Amino acid sequence: MREVSEPVGPPWERPLAGSFEQLVVESELLADNPLGDPARRPLYLYGSPGAGPGSPVVFMLQGYTGQLDIWLARKAFEPTVIERLDAMFAAGDCPPAVAVFLDAWTSLGGSQFLNSTGTGRYADYICDEVVPFVEERCATGPRGVAGHSSGGYGAMVLSMLRPNVFSAFASHAGDALFECCYQRDFPLVARTLRDHFDGSLDVLLARVREADPFDFARFGTPLSIYAMAAAYSPDPAGGVQLPFEISTGRLVDEVWAKWLEHDPVRMASRHADALRAMRTIYLDAGRRDEYFLDLGTQAFARELDTLGVEHTLELFDGGHGGIAYRYPGAIRELVVALAG
């Protein structure tokens, strides 16, 4: 055996036709956030062959619990997401563009890409720090945003809240129609907190911090509901307000109403002008999505129909995970619209 200097090559490493940079940025807006999470974050920049000043740019948002390096993860017999996008651009199937992979992770697993007193100013971090940083560094043109699951939620909501920043979006099974994707977990979480965590959120968080390895079957659902509450219904006095009673699972109507205010299905009519201003909207979900986000996607699409907003909706045979192969088609639709 001998050492060689050439790249190892596929399947371990597929040379890219475009450029890829892994940067580290320091956020002023995330400094002193309520969770004490790092203000220093990774940021990935991909430039396709031919990308240059004025090229469209798509910002990619990861799902709940996803740290940024998940985009580099390789599943057996498959390319990474970066490699998938690069192959699409190298084949000439899409106009040149830049893709930005940004990090909005929190120690609760995610921020929902919102500003919240429970997590921090993540919407502002994205729109007022990351976007201008990329624009200055890469001289990019019109902007779109895309993501899966919580990332798809972020794509929908940021586009509605900040249409001056994003003018196209793609959502792969984004969180929507909260009574289908969240409410069904409330009785389960109430029972789990009662039986395993002394009915206490503080006990839950303490045991999560101590857990090694992290048992998602035990901690995943209660922690995710806590994280959603930190985004949608933070307690002004600290911590969160749950939308149900821990002792009974009964809905707390006034808190549940706060959650529904953040539901894209309910938000759509309040942001109709922003949605009509989008250059394109792409939605998809698997018909067997375990969180019923195919129904949420259809409900959001129906609201768009009611508002007269053009969009693309595709339902496919699949579940919630393992859908990275869907990303290039959505990115292509965004880039073509932004470049037009």
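Which residues of α3 are buried? The views below start with that helix, in a predicted model.

**View 1. Helix α3 spans residues 150-161.**
The buried residues in α3 are Ser 150, Gly 151, Gly 152, Tyr 153, Gly 154, Ala 155, Met 156, Val 157, Leu 158, Ser 159 and Met 160. That makes 11 of the 12 residues, so α3 is largely enclosed by the rest of the structure. From its first C-alpha to its last, the helix reaches 16 Å. This is close to the 16 Å expected at 1.5 Å a residue.

**View 2. Strand β7 covers residues 143-148.**
Here 6 of the 6 residues are buried, so β7 is largely enclosed by the rest of the structure. In a regular strand, side chains alternate between the two faces of the sheet. In β7, Arg 143, Val 145 and Gly 147 point one way. Gly 144, Ala 146 and His 148 point the other way.

**View 3. Strand β3 pairs with β7 in the parallel sense.**
Strand β3 holds residues 57-61. The two strands are joined over 5 bridges. Look for Leu 61: its bridge partner in β7 is Gly 147.

**View 4. Strands β7 and β8 run parallel.**
The two are joined by 4 bridges. Find two pairs of residues here. Ala 146 stands opposite Ala 170 in β8. His 148 stands opposite His 172 in β8.

**View 5. Strand β8, residues 168-172, is mostly covered.**
Of its 5 residues, 5 are buried. Ala 168, Ala 170 and His 172 point one way from β8. Phe 169 and Ser 171 point the other way.

**View 6. Strand β9 also pairs with β8.**
Strand β9 runs over residues 280-286. Its pairing with β8 is parallel and uses 5 bridges. Within this pairing, Ser 171 stands opposite Leu 283 in β9.

**View 7. The structure holds 1 cavity of 30 Å³ or more.**
How much space lies in the largest cavity? About 50 Å³. Its lining includes Gln 62, Gly 63, Tyr 64 and Gly 66. Ala 104 and Trp 105 also line the largest cavity, as do Gly 109, Gly 110, Ser 111, Gln 112 and Phe 113. Ser 150 is another lining residue, and this residue belongs to the buried set of α3.

Technical notes. Residues numbered from 1 in each chain as written. Predicted model: local features only at pLDDT ≥ 70, side-chain atom pairs only at ≥ 80, totals over all residues. Heavy atoms only, no water. Expected span 1.5 Å × (residues − 1). Buried < 20%, exposed > 50% of the residue type's maximum accessible area, 1.4 Å probe, protein only. Pairing = 2+ DSSP bridges. 1 Å grid on protein atoms, 1.4 Å probe; cavity = no way out; pocket = protein on both sides within 12 Å on 5 of 7 lines; lining within 4 Å. Points joined across faces, edges and corners; volume = space filled by probe spheres on them.
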